[in-house]
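Student: Before we look at the model, I would like every label to be set against its cut-off. Could you take me through the terms in that way?

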Amino acid sequence: MQPTKIYRAGLQAKFAQNGPQQLWLNWAPILSFMVVNGQELVLDTTQTDEDLLSLFTLSEALGLILFQRGYFLLHGSAIHLNGKGVVFLGEPGAGKSTTVAAFAQGGVSVISDDMVCIQVNATGPSLVLPAFPQIKIWENSVTGLQIKKDGLTAVREGVNKFSWHDSIVFNENPVTLDQIFVLTAPNELAGTSFQVPKHQIPIELISYFPLADSLLQGTPLKDYFEKSTTLAHSVPVIKLSRPADFSRLHAFVDDLKTTF
């Protein structure tokens with residue numbers, strides 16, 4: 001078991017593998033997963049809290065199944081805007097989920113939050129696949145966006161993060177991927193943007209790989225870069241800064257809507 005960059009509920013996950021088809025993800029002392037052949041997810045735990053179990057299962061554990069099935073994964077969120085799939089990436093605190101929540105308030109359907117699953121097609125458009133229907137947002141975003149708390153459920157007791165799924169439209173079908181935005185830290189120059197050159201896109205995207213870095217070795221690493229290169233030739237990647245204050249976020253979102 002090796003430490004990873006993955007944290008969930010304040011715990012650092014450890015990872016191990018026996019070849020590409022048998023993977024382990026361990027969040028001691030709460031639970032551990034074994035993932036086999038992209039078909040089987042085995043849970044080892046004494047926990048009975050369904051909310052706690054779903055918090056761990058509907059994230060990196062399920063992501064390992066998707067990875068074994070050959071999907072391209074990114075740590076980010078996605079929306080279905082005017083018939084097109086739009087993905088938002090960014091470092092923690094950049095506002096991915098908050099931005100998607102602002103779109104949802106305006107009636108835009110959500111494809112996924114926290115992890116984006118893409119079916120990369122070399123001979124046709126790549127597709128963003130729908131995920132579990134929820135947006136997870138921190139309490140300061142709930143307050144800033146003026147979302148009513150009676151429509152939210154706590155992600156975990158004692159943590160000021162909430163799951164929002166009521167009154168939101170969630171997409172249930174794959175959507176053609178049209179654009180990827182990388183959100184930089186909010187600042188006073190919000191709205192400034194530049195397009196990432198095609199040759200830099202594979203390096204840009206690999207920094208948002210949501211699973212254990214040690215997975216990307218040998219053939220899996222080659223496959224990831226090949227898929228990144230395919231995306232680089234068909235999907236623009238744009239770095240963009242969003243407003244630091246919530247009062248301007250909806251105007252920022254409205255401006256983005258006009259670009260599609």
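Tutor: Let us begin with contact, which means heavy atoms within 4.5 Å. Helices (H or I, at least four residues) and strands (E, at least two) are DSSP runs, numbered from the N terminus. This is a predicted model, in which local features need pLDDT of at least 70 and side-chain atom pairs count only at pLDDT 80 or more, while totals for chains, interfaces and linings use all residues. Residues are numbered from 1 along each chain as its sequence is written, and side-chain values use heavy atoms, with hydrogens and water left out.

Student: How many helices and strands does the protein chain have, and what makes it as compact as a globular protein of that length?

Tutor: The protein chain has six helices and 17 strands. Its radius of gyration is 18 Å, close to the 18 Å that the globule rule gives for 260 residues, and it is therefore as compact as a globular protein of that length. The radius is taken over C-alpha atoms, and the rule is 2.2 Å times the number of residues to the power 0.38.

Student: Why is Ile 118 called buried?

Tutor: Buried means under 20% relative accessible area, exposed over 50%, and partly exposed in between (1.4 Å probe, protein chains only). Ile 118 has a relative accessible area of 0%, so it is buried. This residue is found in strand E10 (residues 116-119), and, not counting residues up to four places away in sequence, it touches Tyr 71, Phe 72, Leu 74, Ser 126, Leu 127 and Leu 177.

Student: Why does Arg 8 count as buried?

Tutor: Arg 8 counts as buried because its relative accessibility is 8%. Arg 8 sits in strand E1 (residues 2-8), and its contacts, leaving aside neighbours within four places in sequence, include Trp 27, Glu 60, Asp 114 and Lys 136.

Student: Which residues of helix H6 are buried, and how do you know that they lie on the same side of H6?

Tutor: In H6 (residues 249-257) the buried residues are Leu 249, Phe 252, Val 253 and Leu 256. They cover an arc of only 100 degrees around the axis, so they are on the same side of H6; the arc is that of the directions from the helix axis to the C-beta atoms. As a general point, an α-helix has 3.6 residues a turn, so residues three or four places apart point the same way.

Student: What do the buried residues of H6 pack against?

Tutor: They pack against strand E8 (84-90), helix H2 (96-105), strand E15 (175-184) and strand E17 (237-241).

Student: What makes H2 mostly covered?

Tutor: Nine of the ten residues of H2 are buried, among them Lys 96, Val 100 and Phe 103. Just after H2, Gly 107 takes a positive phi of about 90 degrees.

Student: Why is Asn 37 called partly exposed, and why is Gln 146 called exposed?

Tutor: The relative accessibility of Asn 37 is 46%, so this residue counts as partly exposed, whereas Gln 146, with a relative accessible area of 70%, is exposed. Asn 37 lies in the loop between E4 and strand E5 (40-45), with a positive phi near 55 degrees in a residue other than glycine. Gln 146, in the loop between helix H3 (139-144) and strand E13 (152-154), has a positive phi near 60 degrees.
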